[in-house]
Amino acid sequence: MELRARDHVPALTGVLSAISLALVFGAVLGALPVESLPRVPAGIVDAIPHVNAAISLVAIGTITTAWRAIRRGNVDRHRALMLASLVLFVAFLTLYLYRVALVGTAPFPGPETIYQFVYLPVLAIHITLAIVCVPLLYYVLLLALTRPIEELPQTSHRRIGRVAASLWLVSFALGVVVYAMLYVIY
């Protein structure tokens, strides 16, 4: 019996989402084996939030440009830009998880009132959207990778892709706001 990915997109989406989210929560909750991670100089670890802010800004640009490309019918450009966005997201997440596993999450350095009424709500929305995006992104990616371009209009790629891209953009933008509150403003 031949197993084909195109016939199991929902199941693959579930498996990949579970693995990805387990890695994220494992790193944040300190459950990953830190001793097995390669060590780099402290200056590099300290630079990760700044690199990730730059990655986020570039990703916002690639997602927005990809969206524009598909609206203009340029499927090849859309595909290339969305794959670039995915690579940026993987780079961001890898760096973020590496840093969090080594040093933990960054404490908020600003006033308690801002922490309670601005920072935490922005962070909560950012995290929620990031979690919701994972299965949506896997789903549209798997649809796009397992079907010829001419078959995609008969799938939910376009409908779910709009939602995924919108939430992804907002999540990246709120991530930049969180960065600014942690490292620039305070």
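Biologist: I'm new here, so let me begin with residues 12-32. How much of that stretch is helix, and how far apart are the end C-alpha atoms?

Modeller: Over residues 12-32 the chain is 81% helix and 0% strand, with 24 Å between the end C-alpha atoms. Keep in mind that this is a predicted model.

Biologist: Thanks. Which residues does UniProt list under "transmembrane region"?

Modeller: The unreviewed UniProt entry gives that label to residues 12-32, 47-68, 80-98, 118-142 and 163-185.

Biologist: And what does the chain do over residues 163-185?

Modeller: That span is 100% helix and 0% strand in the model, and its end C-alpha atoms lie 31 Å apart.

Biologist: What percentage of the residues count as buried?

Modeller: Of the 186 residues, 35% do. As for contacts with a separation of 6 or more, 80% of them come from residues 24 or more positions apart.

Biologist: OK, α1 next. How many residues does it have, and what is its reach?

Modeller: Helix α1 has 20 residues and reaches 28 Å from its first C-alpha to its last, close to the 28 Å expected at 1.5 Å a residue. Just after α1 comes Gly30, with a positive phi of about 75°.

Biologist: Which residues of α1 are buried, and what covers them?

Modeller: The buried ones are Val9, Thr13, Ser17, Ser20, Leu21, Val24, Gly26 and Ala27. Their cover includes α3 and α4.

Biologist: You mention α3. What is its reach?

Modeller: Helix α3 covers residues 75-103, which is 29 residues, and reaches 41 Å from first C-alpha to last, close to the 42 Å expected. It is followed by Gly104, where phi is positive again, near 85°.

Biologist: What do the buried residues of α3 pack against?

Modeller: They pack against α1, α2 and α5. Among those buried residues are His78, Leu81, Ser85, Phe89 and Phe92.

Biologist: What about Phe92, which residues does it touch?

Modeller: With residues up to four places away left out, Phe92 touches Asn52, Ile55 and Ser56. Phe92 counts as buried because its relative accessibility is 16%. The C-alpha atoms of Phe92 and Ile48 are separated by 8.9 Å, although these two residues are 44 residues apart along the chain.

Biologist: Switching to α2. Where is Ile60 found, and what does it touch?

Modeller: Ile60 is in helix α2, which runs over residues 42-71. Not counting residues up to four places away, Ile60 touches Leu169, Phe172, Ala173 and Val176.

Biologist: Why is Ile60 called partly exposed?

Modeller: Ile60 has 22% relative accessibility. Partly exposed lies between the 20% limit for buried and the 50% limit for exposed, so Ile60 falls in that class. For a sense of distance, the C-alpha atoms of Ile60 and Pro33 are separated by 32 Å, and the two are 27 residues apart along the chain.

Biologist: And His50, what does it touch?

Modeller: His50, found in helix α2 too, touches Tyr179 and Tyr183, again without residues up to four places away. At 38% relative accessibility, His50 counts as partly exposed. His50 and Val90 are 16 Å apart, C-alpha to C-alpha, and 40 residues apart in sequence.

Biologist: Then at what angle do α4 and α5 cross?

Modeller: The axes of α4, residues 112-146, and α5 cross at roughly 145° and come within 7 Å. The crossing is left-handed. The residues of the contact of α4 with α5 divide into 27 nonpolar, five polar and no charged.

Conventions:
Residues are numbered from 1 along each chain as its sequence is written. This is a predicted model: local features need pLDDT of at least 70, side-chain atom pairs count only at pLDDT 80 or more; totals for chains, interfaces and linings use all residues. Side-chain values use heavy atoms; hydrogens and water are left out. UniProt positions are given in the numbering used here, feature names are shortened, and annotations may be inferred rather than shown by experiment. Helices (H or I, at least four residues) and strands (E, at least two) are DSSP runs, numbered from the N terminus. Buried means under 20% relative accessible area, exposed over 50%, partly exposed in between (1.4 Å probe, protein chains only). Contact means heavy atoms within 4.5 Å. The expected span of a helix is 1.5 Å times one less than its number of residues. Axes are lines fitted to C-alpha atoms, for helices over the stretch in contact, and angles run from 0 to 180 degrees between N-to-C directions. A crossing is left-handed if the near helix is turned anticlockwise from the far one by less than a right angle, and right-handed if clockwise. Ala, Val, Leu, Ile, Met, Phe, Trp, Tyr, Cys and Pro count as nonpolar, Asp, Glu, Lys and Arg as charged, and the others, Gly among them, as polar.
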